[in-house]
Every structure is written in structure tokens, then in C-alpha cells.
Amino acid sequence: YIHYDSFGMDEITGFSETVDGQIWVSSHSGIYLLDPMTNKVQQYDENVSEMIYSLADDQKDKCLWLGTSGGLRRLNYAGNGKIENPFSSEMLPDGAIRDVILDTYNNLWFSVSNRIFCYTNSAHELKEINSGIPNKQLLFSTTRCKTNGKQYVIFGGTNSLLLIDPQ
């Protein structure tokens, strides 16, 4: 194995492989791109002031979606490589986003506290999925799975699992 000490002094929080075999790495101190063939590590946007909890690589739109201590962020790696806030404060509530995930339709799923959101990339539309439904649990983790040939997005919280059909 090869030991890397190039990701700051904080906890590593996520990984995603690129189409050319490199690896995106998120940590509480930033975003890095590791080339395992050359052992080179490149840091993106060194002025990150928020802890990064998770990442999802949107290879179609050439950007990373980031769940951070300050909310949802986007890094356009085909452009300037800076981390930006993709939505106005009126569109999303304040709060940490612990997990972000892309479904098989390239829609972005995440939660803020006990509220679930889906950003539809093709329509550029942000929707709150559980608006008006009483939900007292905090949501911490998200994943996707295939069951009986059907894709689902799963949110795990303090009291239960929520299984969502992304269609």
C-alpha cells in the first residue's frame, strides 16, 4: 500500500473516482484530486472556510457537489476550480449538509436537518420533497440502492430509514 499525508490534518470524509482513474478526496480542510499513477495531489480552492462532509461527482456537468458545515456548495472543476454557493439564501435554509448523492437520473439529493431536497439537473429545479409532512427526526446519511431492478434513494435518520423512488 501507499501512505499519503497530503490531505491536511483533518478527517477524510469522501471519495469519488473520475473517468480517467483519478480520485476526488474531500476532507474537513478541503478538496483534493489524487492521481494514483503519479502519486501527485492537487488541492482545489485553498481558502475553504467550511468543513466539507461529503462530495458527489457530477461527471456530466463537470462539477463536484459538496455537503458542508455551511450548506450546499459546488466546485466547477472544468472552470475556475473555485467553490461557490449555487443557490440564494431564499432557496435553501441555513444548516449543515452531511451527505450529498446523485441518483441514476443525475439528480442531486441532500437533506438540511429534517428536510429533504432534490435538485433536478436537467430542469435546474430545486424541490423540497417532504414539505408539509411532519418529520421530527434528523437526517444524517444518504445512499442509493437497486432493489428488484428499481433504483431508490435512501435517507437514514435518528428514528428510521426513508426509501424514495427518484422518479
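Trainee: Fine. How many helices and strands does the chain have?
Mentor: Bear in mind throughout that this is a predicted model; in it, the secondary structure of the protein chain comes to zero helices and 15 strands.

Trainee: And what share of the residues is buried?
Mentor: Of the 167 residues in the protein chain, 42% are buried, while the chain exposes about 9,400 Å², of which carbon and sulfur atoms supply 48%.

Trainee: What about contacts between residues 24 or more positions apart?
Mentor: Such pairs account for 34% of the contacts in the protein chain with a separation of 6 or more.

Trainee: On to the inside, then. Which residues have the most contacts in the largest nonpolar core?
Mentor: That core has 15 residues, and those with the most contacts inside it are Trp65, Leu72, Leu108 and Phe110. At least two of its residues come from each of strands S6 (63–68), S9 (100–102), S10 (108–112) and S11 (115–120), with S10 giving the most, namely three.

Trainee: What does Phe110 touch?
Mentor: Setting aside residues up to four places away in sequence, Phe110 touches a list that includes Leu72, Leu92, Ile97, Val100, Ile116, Phe117, Leu126 and Phe155, and Asp99 and Arg115 are also on it. There is also a second, separate core of nine residues, among them Ile31, Leu55, Leu66 and Leu75.

Trainee: Switching topic, what lines the largest pocket?
Mentor: The lining consists of Thr18, Val19, Asp20, Gln22, Trp24, Leu33, Asp57, Gln59, Lys62 and Tyr77, which divide into four nonpolar, three polar and three charged residues. The space in this pocket is about 190 Å³.

Trainee: Now Thr142: buried or exposed, and why?
Mentor: Thr142 counts as buried because its relative accessibility is 10%, below the 20% cut-off. Thr142 lies in strand S13 (residues 139–147), and, leaving aside neighbours within four places in sequence, Thr142 is in contact with Asp99, Ile101, Val153, Ile154 and Phe155.

Trainee: And where is Gln42?
Mentor: Gln42 is in strand S4 (residues 40–44), and with a relative accessible area of 42% Gln42 is partly exposed. Beyond its neighbours within four places in sequence, Gln42 is in contact with Ile31, Tyr32 and Leu33.

Trainee: How far apart are the C-alpha atoms of Gln42 and Trp24?
Mentor: They are separated by 9.7 Å, the two residues being 18 residues apart along the chain.

Terms used: Residues are numbered from 1 along each chain as its sequence is written. This is a predicted model: local features need pLDDT of at least 70, side-chain atom pairs count only at pLDDT 80 or more; totals for chains, interfaces and linings use all residues. Side-chain values use heavy atoms; hydrogens and water are left out. Helices (H or I, at least four residues) and strands (E, at least two) are DSSP runs, numbered from the N terminus. Buried means under 20% relative accessible area, exposed over 50%, partly exposed in between (1.4 Å probe, protein chains only). Contact means heavy atoms within 4.5 Å. A nonpolar core is a set of buried Ala, Val, Leu, Ile, Met, Phe, Trp, Tyr and Cys residues joined through side-chain atoms within 4.5 Å. On a 1 Å grid over the protein atoms alone, a cavity is a set of points where a 1.4 Å probe fits but cannot get out, and a pocket is an open set with protein on both sides within 12 Å along at least five of seven lines; lining residues have an atom within 4 Å of a point. Grid points are joined across faces, edges and corners, and a volume is the space filled by probe spheres set on the points. Ala, Val, Leu, Ile, Met, Phe, Trp, Tyr, Cys and Pro count as nonpolar, Asp, Glu, Lys and Arg as charged, and the others, Gly among them, as polar. Accessible areas come from the Shrake-Rupley method with a 1.4 Å probe; for residues, only the protein chains shown count as cover.
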